[in-house]
Structures are given as structure tokens and as C-alpha cells.
Amino acid sequence: MPSDVRGKLTIFDRFATGAAALTAKAGFFVFCVLLVLLWAPTFLLLPSIDTWQLVINTATTIITFLLVALLQNTQSRSDEAVQQKLNAIADALADFMGEFSDDHPELERHRRELADAVGLENRESA
């Protein structure tokens, strides 16, 4: 598939992708709202207001910490895929300009500018 960056995804990458898809749905938001609604009346059961606040702070901090790591993985892979697609477009455009530069000499200058701007020579040699 064109959007695959490295071909086969690792187990963690597949898990991160699934977590990102899950957290982007309305169901996850409903879960978060329910968590807060279930937590709110527990102030009657807990011995102090500090304990009551510590419960929600701990739960939300853990959820946030884990989601940031998972979503960063997914975002990084997405950014890499977009960059590869942009590089392929720039490479194809430079090739196209190179083919027509005999008939249109100004295209050779534009092709060199494009290659310099996106570093095509550096990327191709790597």
C-alpha cells in the first residue's frame, strides 16, 4: 500500500495505530466523561478531599502519559509517510522537467532549483 512507510509494521506500531483509531472515536470521549461522572460522587466515600482529587489526577495522568507515547508513534509514522510521498512527487517532477529541458531550457534551471530545495541529490545518493 502506498501509505506504508516501512512495509511491515511492528507489534507496537500496530498497537499504536489501533489505539490512535480508538481514541479518535466518540466512544473514547464518552468513556472519559463516564470516568469523570463515576469519580465525582466518590468524594462521599473517600476520607479526604485530597484523596478524592488524587484519584482522578492519578488516573488522568496515567492515561495521558500512555496516550502521548502511543499517539506520538502514530504521528511520527504518518509524518514519515507524507514526507516520502512529497519526495516522490518532487523526484517525479524533477524527472519530468529534465525530460523537457531540451525543448524548454528554462526548465533545467527550475529543475536544479527544485532539486536543491528538496535535496534530491542528497536523498538519492543515501
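**Helix packing and a salt bridge**

Guide: Helices α2 and α3 are roughly antiparallel to each other, a class that takes angles over 145 degrees. This is a predicted model, where local features need pLDDT of at least 70, side-chain atom pairs count only at pLDDT 80 or more, and totals for chains, interfaces and linings use all residues. Residues are numbered from 1 along each chain as its sequence is written, and side-chain values use heavy atoms, without hydrogens and water.

Visitor: At what angle do the α2 and α3 axes cross?

Guide: Roughly 165°, and the axes come within 10 Å. Angles run from 0 to 180 degrees between N-to-C directions, with axes fitted to C-alpha atoms over the stretch in contact. α2 spans residues 26–39 and α3 residues 49–100. Helices are DSSP runs of H or I, at least four residues; strands are runs of E, at least two.

Visitor: Which residues in α2 meet α3?

Guide: F28, L35 and W39. On the α3 side they meet W52, Q53, V55, I56, I63 and L67. Contact means heavy atoms within 4.5 Å. The residues of this contact divide into 8 nonpolar, 1 polar and no charged.

Visitor: New topic. How many salt bridges?

Guide: The count is 4, taking a Lys or Arg side-chain nitrogen within 4 Å of an Asp or Glu carboxyl oxygen. One of them joins D13 and R77, at 3.6 Å, N to O. D13 is in helix α1 (residues 11–23) and R77 in helix α3, 64 residues apart.

Visitor: And which residues does the UniProt "transmembrane region" annotation cover?

Guide: The unreviewed entry gives 20–40 and 52–71. Such annotations may be inferred rather than shown by experiment. Residues 52–71 are 100% helix in the model, with end C-alpha atoms 29 Å apart.

Key. Angles under 35 degrees count as roughly parallel, over 145 as roughly antiparallel, 65 to 115 as roughly perpendicular and the rest as oblique. Ala, Val, Leu, Ile, Met, Phe, Trp, Tyr, Cys and Pro count as nonpolar, Asp, Glu, Lys and Arg as charged, and the others, Gly among them, as polar.
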